[in-house]
Protein chains: 2
Amino acid sequence: MSDIGEDKRVRTRREEAGDDIYAEDGSIRADFLAMVGASIADRDVLFLRNHVARLHESELGDLLESILPDQRRALVRLLGKDFDLTALTEVDEAIRLEIVDQMPNAQIAAAIGDLDSDDAVYILEDLDQEDREEILAQLPFTERVRLRRALDYPESSAGRRMQTEFVAVPPFWTVGQTIDYMRDEEDLPDSFTQIFVIDPTFKLLGVVDLDRILRTKRQLKIETIMRQTNYPIPADMDQEEAAQLFEQYDLLSAAVVDDNGRLVGVLTIDDVVDVIQEEAEEDIMRLSGVGDEELSDTVVDTSRSRVPWLLVNLVTAFISASVISLFEATIEQVVALAILMPIVAGMGGNAGSQTMTVTVRALATRNLDIHNAWRVARREAGVGLINGCLIGCLVGLVAGLWFHDIHIGGLIATAMLINMFAAAMAGIMIPLLLDRAGADPAVSSAVFVTAITDTTGFFSFLGLATWWFAIR
Amino acid sequence: MSDIGEDKRVRTRREEAGDDIYAEDGSIRADFLAMVGASIADRDVLFLRNHVARLHESELGDLLESILPDQRRALVRLLGKDFDLTALTEVDEAIRLEIVDQMPNAQIAAAIGDLDSDDAVYILEDLDQEDREEILAQLPFTERVRLRRALDYPESSAGRRMQTEFVAVPPFWTVGQTIDYMRDEEDLPDSFTQIFVIDPTFKLLGVVDLDRILRTKRQLKIETIMRQTNYPIPADMDQEEAAQLFEQYDLLSAAVVDDNGRLVGVLTIDDVVDVIQEEAEEDIMRLSGVGDEELSDTVVDTSRSRVPWLLVNLVTAFISASVISLFEATIEQVVALAILMPIVAGMGGNAGSQTMTVTVRALATRNLDIHNAWRVARREAGVGLINGCLIGCLVGLVAGLWFHDIHIGGLIATAMLINMFAAAMAGIMIPLLLDRAGADPAVSSAVFVTAITDTTGFFSFLGLATWWFAIR
């Protein structure tokens with residue numbers, strides 16, 4: 001969430017400190033933390049200005065996350081206007097809110113004026129309505145209008161993530177005129193990689209990469225070297241969709257346009273990298289029933305966010321328990337069944353979650369679609385059968401030897417084969433069906449797959465055993 | 001894996017076809033696939049050249065993945081030298097090898113000469129030694145030397161991913177000279193966002209972003225506007241580590257240097273986005289025991305890659321079964337215990353995997369380190385206790401009502417609390433310990449956590465019950 005490539009501060013800091021603030025394992029060096037802690041306690045503003053205020057925003061963010069809440073508050077207070085608000089885009093939401101809440105609105109307003117609009121929006125969007133309005137009211141008119149417009153776009157849309165600073169020129173300018181304009185103009189974005197070509201109504205006509213400008217003779221007109229862009233991103237497009245365009249076409253930045261095709265901002269790859277990271281993260285978390293919690297959340301918040309998933313699983317757990325209860329009489333006769341049945345259910349669960357994970361990720365990365373679903377399903381069926389045979393035989397052998405009972409061995413081997421096959425089918429079909437139904441397969445696949453592998457496992461093993469002992 | 005921002009072909013294609021090859025759901029439009037299929041069958045080279053050869057490399061890659069193997073082979077044959085080899089960087093490894101294997105080495109050599117070096121390396125590195133040497137031998141000398149050097153760096157290193165084409169100028173040149181050089185020089189990279197400043201021995205002195213050049217008067221010397229870079233990436237640095245630098249400092253590209261600090265190439269954000277994606281992917285897959293398999297892998301390959309994980313889980317499954325067998329006598333007396341015990345074990349597993357996933361991801365993204373591990377562990381303990389009480393009470397109530405037995409209810413409630421707490425502790429401690437021991441926590445955490453929640457679940461529930469029924 002920062003200017004592309006900007007690293008003046010890092011250099012200054014590294015030159016002075018002559019060192020890296022990170023230890024080998026990627027955490028912040030303990031001695032640096034100790035120094036910072038001591039300076040905060042001593043109110044040594046000079047040290048903090050020289051060694052903390054000059055850190056790169058992401059380093060300052062890491063530092064804020066590594067110190068205690070009291071130290072955080074004191075540090076922000078001591079740094080005053082030297083505190084780089086951009087660092088707030090690099091910390092957990094809970095810490096961001098904690099810091100912003102303690103800062104006077106006037107100070108935030110003063111600091112936010114210096115930020116790129118995308119960073120400003122990132123910080124403002126989490127504030128409550130009242131604080132936000134108060135801060136906006138203290139900003140210069142154009143700044144205020146820009147930020148309000150960005151904030152008007154829906155959450156997680158391209159309009160929210162875009163930067164409203166960009167360079168735009170008319171098509172009839174020459175390359176020379178354009179270069180001269182950039183040499184003279186003071187109010188350019190901090191860094192940029194392409195310039196946009198617009199008509200007088202701000203309608204987007206094309207794009208020119210900077211390297212193209214540098215390779216072209218001064219007298220040529222911009223319209224002769226601009227290219228049309230296939231991906232002007234509508235401001236209300238979901239950020240995830242925009243990220244997919246960046247990924248697919250290896251874009252560095254893309255124009256964001258409003259409903260009338262007018263240029264309103266630019267989305268850059270650094271914001272998109274964050275989105276890509278977040279989306280992959282979300283899938284991992286959802287697959288194991290964790291919401292979008294953060295490390296700095298409180299115990300109660302964390303507990304509250306995890307309970308729903310546990311409750312859903314509890315329902316399926318009782319359903320599979322009720323399957324077991326159908327065979328109470330058989331278990332009473334042959335206790336070995338009770339000992340072995342969790343193996344059948346558990347191994348099915350493992351196999352099912354392997355297939356499910358592959359399917360969920362393939363859907364998320366759009367590698368799996370109607371054209372290859374059938375082929376992939378057949379492959380999973382094959383894998384389920386092969387692994388079912390392998391694991392089934394192995395389990396049968398061990399169980400048979402353990403209980404000195406060839407029947408038990410045969411029963412568990414068969415049940416295992418059935419359950420591994422069911423697991424493979426559930427692992428591929430459930431995410432596909434959820435996806436088709438418009439639900440996010442990452443969120444709910446695991447519950448359904450476990451429900452199926454548990455009930456199938458218990459039912460096949462205990463059912464087969466009941467039937468076998470009855471006919472013997 | 002392509003030039004940044006390059007999209008000439010897309011434009012041409014879209015202008016001509018006037019349309020998008022993708023359907024709403026992100027898969028390739030069925031009618032387009034049908035047209036391509038028919039043209040392949042009819043050997044309609046003209047259509048294929050106009051509508052397939054001109055696709056963007058990532059679109060061609062998607063198309064190759066969506067058609068049948070026979071069609072793939074025929075398509076590549078029919079397109080001949082119009083087939084854009086870059087598309088191979090966008091498909092699964094199995095498909096890449098299948099296509100490359102059928103192409104004569106001379107044709108590959110001819111095509112590889114046109115690729116950017118990073119794409120060429122990406123394709124060459126998967127080939128067997130013999131084919132690779134034959135292809136390299138047919139390349140012009142400088143090209144061959146460049147590719148060999150990149151291939152000499154270890155797999156997954158920055159040196160393998162870098163592009164060896166870059167623009168470098170001496171520090172005493174003026175901005176004007178530099179611009180004139182770029183206007184006249186034919187052999188520039190297809191696209192670039194910064195130029196490097198080097199001494200006569202190719203030692204890296206600094207970097208200038210293109211926007212900086214465009215803002216500066218012609219007569220100024222490059223050395224006055226260049227900045228030193230803090231992140232010249234050693235060519236043998238792991239690509240994951242390089243990606244972290246890009247992410248942390250929002251880089252667009254970075255110089256890659258050899259052991260002597262000499263500039264050998266440039267690493268660009270588009271390659272890094274792929275790495276970031278791959279790394280997140282890897283963690284998801286490893287957490288559920290899937291290796292780096294791909295959708296196009298065969299049944300046997302897939303089965304082989306998944307069996308080891310199943311075998312490891314099988315061992316832990318037998319261990320927990322042996323815990324159950326300790327209480328055979330109790331189960332024989334009270335079958336309800338057998339019915340309910342999977343609930344205790346299973347819910348512990350769910351809670352454990354929640355904590356474990358959060359921990360593994362926090363470690364991977366370096367949000368969790370020695371400075372906050374203790375705080376996070378305390379939070380997890382709190383969450384385990386709260387959720388253990390909640391779920392325990394609920395399960396106790398339902399189980400008590402189900403079996404009309406208040407003792408059973410009390411026993412399962414207590415066992416559940418114990419197991420949820422154990423799950424929380426296992427979920428945080430196991431990944432931390434594995435990480436400390438230098439192992440990848442994503443790979444093996446799940447097995448250990450399940451082993452602990454299963455055995456604790458069975459042991460606490462059956463053990464408590466045995467003790468309770470004994471003293472009653």
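**A three-stranded sheet in chain A**

Student: Which strands form the open sheet here, and in what order?
Tutor: Three strands make up the open sheet in the order β4-β5-β6 of chain A, with mixed pairing; strands are DSSP runs of E with at least two residues, numbered from the N terminus, and two of them pair if DSSP finds at least two bridges between them. This is a predicted model, in which local features need pLDDT of at least 70. Residues are numbered from 1 along each chain as its sequence is written, and chains are lettered from A in the order in which they are written.

Student: Which ones are the edge strands?
Tutor: Those are β4 (233-234) and β6 (263-268) of chain A, each of which pairs on one side only.

Student: How many bridges join β5 to β6, and do they run parallel or antiparallel?
Tutor: Five bridges join β5 (residues 253-257) of chain A to β6(A), and the two run antiparallel; A:A254 has A:L267 in β6(A) as its bridge partner, while A:S253 stands opposite A:T268.

Student: What about the turn of that hairpin?
Tutor: Five residues lie between β5(A) and β6(A) in the hairpin, and A:G261 in the turn has a positive phi of about 75°.

Student: And how many bridges join β4 to β5?
Tutor: Two bridges join β4(A) to β5(A), which run parallel, and A:I233 has A:V256 in β5(A) as its bridge partner.

Student: Switching topic, why is β5 largely enclosed?
Tutor: Five of the five residues of β5(A) are buried, so the rest of the structure largely encloses this strand; buried means under 20% relative accessible area, exposed over 50% and partly exposed in between, with a 1.4 Å probe and protein chains only.

Student: Which residues cover each face?
Tutor: A:S253, A:A255 and A:V257 are buried on one side, and A:A254 and A:V256 are buried on the other. In a regular strand the side chains alternate between the two faces of the sheet.

Terms used. This is a predicted model: local features need pLDDT of at least 70, side-chain atom pairs count only at pLDDT 80 or more; totals for chains, interfaces and linings use all residues. Side-chain values use heavy atoms; hydrogens and water are left out. Helices (H or I, at least four residues) and strands (E, at least two) are DSSP runs, numbered from the N terminus.
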